[in-house]
Every structure is written in structure tokens, then in C-alpha cells.
Amino acid sequence: MNLTTEQDNPESKNIDQMATLDALRLINREDAKVAAAVREALPQVAEAVDIIAEAVANGGRLFYVGAGASGRLGLLDAVECVPTFSVSPDLVQGLIAGGSDALTQSIEGAEDRPDDARDDLKARGLTRADVVCGIAASGRTPYVIGGLTYAKTLGAKTIAIACNARSSIGEIADISICVVVGPEILAGSTRMKAGAAQKMILNMLSTGAMIRLGKVYGNLMVDVKVSNQKLAERACRLVMRLTGVKSEQARALLAGANQDVKAAVVMARLGVEYEKARELLAQAKGTLREVIGGE
């Protein structure tokens, strides 16, 4: 197979002889092509978002499966869902060929073992209620193929993200997200344009699904997990903005709401106690807008 991601880029054939600024301008021009390529795949991304949201709403989980840079990007997106949306670390999980050691070093040969992905997913208790998203710039990484194939045997929904047309993982998955970004500045270095495209898509998948699940009010992260001082200040500003109260009262509301921004807002807007606020939010499946309406 003649993979686009492995081809030489004629624009950069003399990059080793360029002045630093000229080389960087070239890289920047190539990077500018990525968003346009992602735009072409938005219908498939939207379909994937809806599948993920539906699965999570019904008790399912999302698993990212990848190797090397692709696997690390999946893990990054999974980890960031916890503070951004206050979800359990189990809800969005990243699996990488070679395990946790592969986060900081190359584990040679790990990506070539498809059965490892099956075993990794078995260890996480994958069921038909879950969604597995395979990530591979080449579209043919054995570890990713193994994960998607195992997921299919259980009846779990599957998504593939690749940067080559007619990819092997795309042929397996229920939804194929194909973003052809063209040859890399350094031939085969898919941490560059392909990696940028993958990160954009992963951000869309998790953020889009969480929006559908009511974890956002307007463009505000009202389900933010207050786990450090920065996030505590953000939570305070959110309560102030959505209720009109001053800083001191916002902090008191958050304290009374166990640092739950949505509950604190409902308490202030509707004049109810914490338990009632939680009850109203539960009835609305966590969607703040259904409880307090629009701004």
C-alpha cells in the first residue's frame, strides 16, 4: 500500500539547507492544511460524537486505542476529561501499545501485537455498551486492528481515526474518520500534521459528546472538577456569572454545594437547598439549562 503519510514532501526536500525562519514558515504552511482536511471529515466526526454520547448516557464508556504518538494523544484526551467535565477516570480511558511505560519511551514491537489490545480491553471489562475508538495515522497498526476487531466481536460500537484513505482500521470500524493531511515535512513523521489532525478530532469527540450530555452551559464548563486553586477560582467566577452574586457569596454557595458549580447555581437561582438542587439536576439528567432555563 502506498501510504500518503510515508511519502516524501516535495516542498521540504531542501529543508536541511534552509534558514531557520524559512524552515519554520514552511512547517507552518503545511500545518495550515490540517484544519481544512479535518473539515472534510466533520460529518463522520459528528456521527461518532452522537454514538459516544448515546453510549455514555446508557452507562457505556469510551476507550481510545493507539500506539506511539497516536496512543499518547488518546491518553491525553482521556485524562483531560476528568478535570474539565468532572467525569470518572473510568469513563474515558486511553490504551497504548506497550502500556504505561510507552508514555515516556518507545516500546519496540508493542504496536505489532494485535492480541495485546484484546487482552488490554478484556482487562478493562469491555462490553457491548462501550465504544472503542482506534487511532492510527497509517490506518494499519496491528495493535489498533486487534482492539477494534475484539470490540466488534462483543457488539461494541467502533470508530477509526486514520490519515490515509481506505485504511484497514476504517474498514473494520462502524465509523471511519479519514483525514488525509498529505506527506509530512519529515517523511513518515506522523507526530506532525497527522498528529495535529488526530488531536483536533479527539478534542471534538470528547468535547462534543460532553456537550450533548449536558456538561456545558452555553460555552461554560459548569461541570469543572474543583481540584486545585486555579479551578476553584474558575468555579467561583462561573457561579458569580450565572447568578449575579459577589465573590464571597459564590464561595459560600460552592462550599454548601460540595464544590458542585451546577448545584450551587441552582441553589442561588431557585432558592433551594443542596439536596433539592441535586434532585432537580438528576431529573434533568444533569443538564443545567433544563433546570434554570437560558440566561
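Is Arg 166 buried or exposed in this model? The model is a predicted one, and in it Arg 166 counts as exposed, because its relative accessibility is 71% and the cut-off for exposed is over 50%.

Arg 166 sits in the loop between strand 4, residues 157–162, and helix 6. Its backbone is worth a look. Most residues other than glycine have a negative phi. Arg 166 is not a glycine, yet its phi is positive, at about 50°.

Ser 86 is another case. This serine has a positive phi of about 55°, and again it is not a glycine. You will find Ser 86 in the loop between helix 3, residues 68–85, and strand 2, residues 92–96. Ser 86 counts as partly exposed, because its relative accessibility is 31% and that class runs between 20% and 50%.

Now to the charged side chains. Side chains of opposite charge can pair when their charged atoms come close. How many salt bridges are there? The count comes to 13. I will go through some of them.

Start with Asp 174 and Lys 152. Their closest N and O atoms are 2.8 Å apart, and the two form a salt bridge. Asp 174 is partly exposed, with a relative accessibility of 36%. For Lys 152 the value is 36% as well, and Lys 152 is also partly exposed.

Lys 276 and Glu 279 both lie in helix 11, residues 274–283. They are three residues apart, which is about one turn of the helix. Their salt bridge has its closest N and O atoms 3.6 Å apart. Lys 276 has 36% relative accessibility and counts as partly exposed. Glu 279, at 38%, is partly exposed too.

Then there is Arg 113 with Asp 116. Their side chains meet in a salt bridge, 2.8 Å from N to O. Arg 113 is partly exposed at 40% relative accessibility, and Asp 116 is partly exposed at 24%.

Methods:
Residues are numbered from 1 along each chain as its sequence is written. This is a predicted model: local features need pLDDT of at least 70, side-chain atom pairs count only at pLDDT 80 or more; totals for chains, interfaces and linings use all residues. Side-chain values use heavy atoms; hydrogens and water are left out. A salt bridge is a side-chain nitrogen of Lys or Arg within 4 Å of a carboxyl oxygen of Asp or Glu. Buried means under 20% relative accessible area, exposed over 50%, partly exposed in between (1.4 Å probe, protein chains only). Helices (H or I, at least four residues) and strands (E, at least two) are DSSP runs, numbered from the N terminus.
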